[in-house]
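Please read these points with the sequence and the model open beside you.

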Amino acid sequence: MLYTELIRLWDEAVQAVDSRDWQGALSKLSEITEPTSRTLFVSACVYLALGQLEPAIKALDQAIAKDERLAVGFFQRAGVHMLAGRLEEAMSDCIWAQQHMRGNSVIDYRQLGLRYKLHGWQVLYNAAAVHCRMGLWDKAINLLEGASQEKGGGRGGALEAALESVSRREVLAPLLVPEGEVFRPRKQDVEQLQQRDFLGKAKVISSIIPNDDFGGFEPLRLQKPGYYEPKVDGAQDSRYMRLRGTYMARSPGELTVPAGGVVFLFSEGGRDGLATVFFDGKRGLLPMSMLEPVDVTSLKGKKKTRSVPNGIPLPPGLKPPTRPKARPSPAAPQPVSPSLGSPPAYTSHPPSTTSTPPPEYPSVVDSPTEQGPGSSQGEDGGSVMVKVHFSYTLALSVPVDTPYSELQERIARKVGQPASHLRLRHRQHGSQVLKPLDGGAGLRALLEGAETSRATLWCQAEDPLLGRTILYQVVALYDYSAQGPEDLEFSEGDTIDILSEVNEEWLEGHTGGSIGIFPRCFAYCDSEGTGSSASGGT
C-alpha cells in the first residue's frame with residue numbers, strides 16, 4: 001500500500017471522528033490494507049465509542065502486537081477489559097502499562113499525533129479500580145495512596161474522591177483516553193497530499209518569429225549532451241587546442257591537464273599569458289604557450305576509440321616498442337618509489353584489536369617470544385610497534401637499536417620471502433612518496449623519531465634491480481591496464497621508477513616488483529621525488 005494512500009485514508013477517518021461520524025470513520029479505516037499501530041488504535045477508539053467492546057479489544061490486541069512498547073495501548077486495553085468484566089486481563093495490562101512507562105511520571109503522546117498525556121498515577125488508579133472489582137479494598141487503598149505520591153499534574157482532586165469512594169466500598173470507574181482523542185497523521189504529510197503548481201502558468205514575454213503577436217512558439221531544438229561550448233562560425237579557425245605537455249595547476253582557477261589533452265579555447269590574452277579553456281566539463285586557466293591548434297574534425301571522423309578524450313588520455317597510437325635491453329651501470333643509492341534488551345548485552349566477546357590474516361599466510365602479529373636472537377630490548381630506547389604493509393598488514397615489536405638486517409630477516413620469516421628480495425620503505429610527513437630506508441642509520445632515526453612509539457613501513461617483494469639506473473621518478477595520473485606482456489600495470493597515485501626513455505611516447509619503468517613500458521602521458525613528474533638519479537637495490 002502506498003504511503004500517500006495510507007495518509008489520505010487515515011486523515012479522512014480522523015475527520016470523520018471529529019464530526020462524530022463513527023460508521024464513516026470505520027469505513028475509511030477498513031480500506032487500509034496495511035494498518036499501523038496508530039491506525040488500529042483509532043479503530044479501537046471508534047469501536048469503544050459505539051459500545052462494541054469485543055472489536056475494540058481485538059483492535060487493541062493488533063495495535064499492541066505491532067508496537068509492544070505502546071504504554072497508552074495497554075492502559076486503554078486495561079480499561080476496556082474492566083468494562084468487559086475480564087479482571088485478570090485488566091490487571092495484567094495495568095502491570096505492563098506501568099512497566100512501559102519506564103520510570104517516567106508522564107508520557108506526552110503529542111509528538112506521535114495523540115493529544116493526550118498518560119500519567120503514572122492514572123495507571124495506578126486503574127489498578128486500584130481492578131482490585132475494587134475483585135473485593136480487595138485494602139490493596140486498592142494502598143495503590144491510591146501510592147498514586148497520590150506520584151509526580152505529575154492532572155489529578156484535580158480525583159484521587160481524594162477515589163479514596164473516599166473506596167472507603168465507602170464503592171467500585172471505581174476505569175479511566176480511559178477521552179472520546180474523540182485519537183492518533184492523527186502529521187500535518188506536513190497531509191499538506192503534501194495536495195498537488196502544487198510550482199512552475200505556475202507560462203507567460204510569453206518575447207518571440208523570435210517576426211509579427212508573431214505572441215500566437216505561438218518556435219519548436220524546441222534538441223540539445224547536445226555535455227558541457228557548454230560557445231558557437232563559432234565555420235570561417236573562423238578551430239577553437240580546439242591540444243596541450244603540448246602535462247600541466248599541473250599551481251593556483252586557484254587553473255586546471256590540471258595531461259599531455260595531449262584536447263581543450264576548448266574560450267578566450268585568449270588573459271592575465272599572465274593564461275587563456276580561459278574548457279576541459280572535461282570544467283572551466284579554468286592554462287598557459288597559452290603550451291597550447292597548439294588541433295583539427296577536431298579529423299579527430300571526430302576517426303573511430304570512437306580515438307575520439308576527443310573526456311579527461312583520461314588515450315594510449316599512444318604507435319605500436320608499443322619491445323622492451324630495451326638492460327644496460328649495466330654503476331650502483332648508486334636507491335631513490336623514492338611509491339606505492340536492545342540492553343544493546344551492550346548483544347556483544348558476547350570484546351572486539352579484536354588486530355585483523356585476522358588469510359588462512360594461507362602465517363600469523364601477522366609478532367610477540368616478544370618470537371623475536372630472533374639479538375632483538376632484546378634496548379637499554380636506552382625501549383620498543384616501537386612497527387606496522388608493515390605487505391599483501392596484508394602485520395605488526396612487529398621492534399627495539400630501537402635493532403639492526404636493519406635483523407628487521408629484514410624477521411619480516412622475511414613472517415611473509416615467507418627471501419630477505420634479499422624485500423625492499424623496506426617509509427613515507428615522510430606531508431609527502432605521498434615512499435622512500436627506501438637508508439640502512440641501519442635510517443631505521444634507527446625512524447624508530448627514535450616515532451610518535452607514540454608507533455611507526456609504519458611498506459614492504460615489497462621484488463628482485464633487485466641489478467645494475468639498472470633509475471633516471472628519475474614519476475607519479476601515475478590514472479590507472480593503466482597492461483595491453484601486452486611487456487607493459488607495466490599500475491594504479492593512480494603509484495610512484496614509478498623510470499629506467500629508460502624508450503621514445504617520445506613510451507617510458508620503461510619499475511613499480512611493485514614489476515618492470516615494463518607504459519605511455520608517458522599517464523604519469524607526471526613529482527618534483528619531490530626527482531632530486532637525483534640512483535640505481536636499484538635494497
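**Notes on the model**

1. V474 stands opposite I496 in strand β15. Four bridges join β14 to β15 (residues 495–501), and the two strands run antiparallel. On another strand, β18, the bridge partner of V474 is C525. β14 and β18 (residues 523–525) pair in the antiparallel sense over three bridges. Strands count as paired if DSSP finds at least two bridges between them. Helices (H or I, at least four residues) and strands (E, at least two) are DSSP runs, numbered from the N terminus.

2. This is a predicted model, in which local features need pLDDT of at least 70 and side-chain atom pairs count only at pLDDT 80 or more, while totals for chains, interfaces and linings use all residues. Residues are numbered from 1 along each chain as its sequence is written, and side-chain values use heavy atoms, with hydrogens and water left out.

3. How is β14 placed, enclosed or open? Five of the five residues of β14 (residues 472–476) are buried, so the strand is largely enclosed by the rest of the structure. Buried means under 20% relative accessible area, exposed over 50%, and partly exposed in between (1.4 Å probe, protein chains only). Y472, V474 and A476 point one way from β14, Q473 and V475 point the other way, and all are buried.

4. The pLDDT is the predictor's confidence in each residue, from 0 to 100. The protein chain averages a pLDDT of 75, and 72% of the residues score at least 70. Over residues 209–237 the pLDDT is below 50, and this stretch has 21 contacts in the model beyond near neighbours in sequence. Residues 329–380 also have a pLDDT below 50, with 97 contacts beyond near neighbours in sequence. A contact means heavy atoms within 4.5 Å. Where pLDDT is low, the predicted coordinates should not be read in detail.

5. Now the chain as a whole. Its secondary structure comes to 13 helices and 19 strands. Of the 538 residues in the protein chain, 40% are buried. The accessible surface comes to about 31000 Å², of which 51% belongs to carbon and sulfur atoms. Such areas come from the Shrake-Rupley method with a 1.4 Å probe; for residues, only the protein chains shown count as cover.

6. Which residues have the most contacts inside the largest nonpolar core? They are F41, V72, Y109, L118 and F183, in a core of 41 residues. A nonpolar core is a set of buried Ala, Val, Leu, Ile, Met, Phe, Trp, Tyr and Cys residues joined through side-chain atoms within 4.5 Å. α1 (3–18), α2 (22–30), α3 (37–49), α4 (53–66) and α5 (71–83) each supply at least two residues of this core. The largest share, eight residues, comes from α1. Y109 touches L70, A71, V72, L114, Y116, L118 and F183, not counting residues up to four places away in sequence. In soluble globular proteins, nonpolar side chains tend to be buried together.

7. D61 is in helix α4. With a relative accessible area of 34%, D61 is partly exposed. D61 and F41 are 20 residues apart in sequence and 9.4 Å apart in space, C-alpha to C-alpha.

8. S165 is found in helix α9 (residues 158–167). S165 counts as buried, at 15% relative accessibility. Leaving aside residues up to four places away in sequence, S165 touches E170 and L172.

9. Strand β5 (residues 274–279) and strand β6 (residues 282–287) pair in the antiparallel sense over six bridges. They form a hairpin with two residues between them, and D280 in the turn has a positive phi of about 55°. T276 stands opposite L285 in β6.

10. In helix α13 (residues 439–448), G442, L443 and L447 are buried. Seen down the axis of α13, the buried residues fall within an arc of 130°, so they line one face of the helix. The arc is that of the directions from the helix axis to the C-beta atoms. The face turned away from the buried side of α13 carries the exposed residues A441 and A445. What covers the buried residues of α13 includes β8 (383–389), β9 (393–399) and α12 (404–415).
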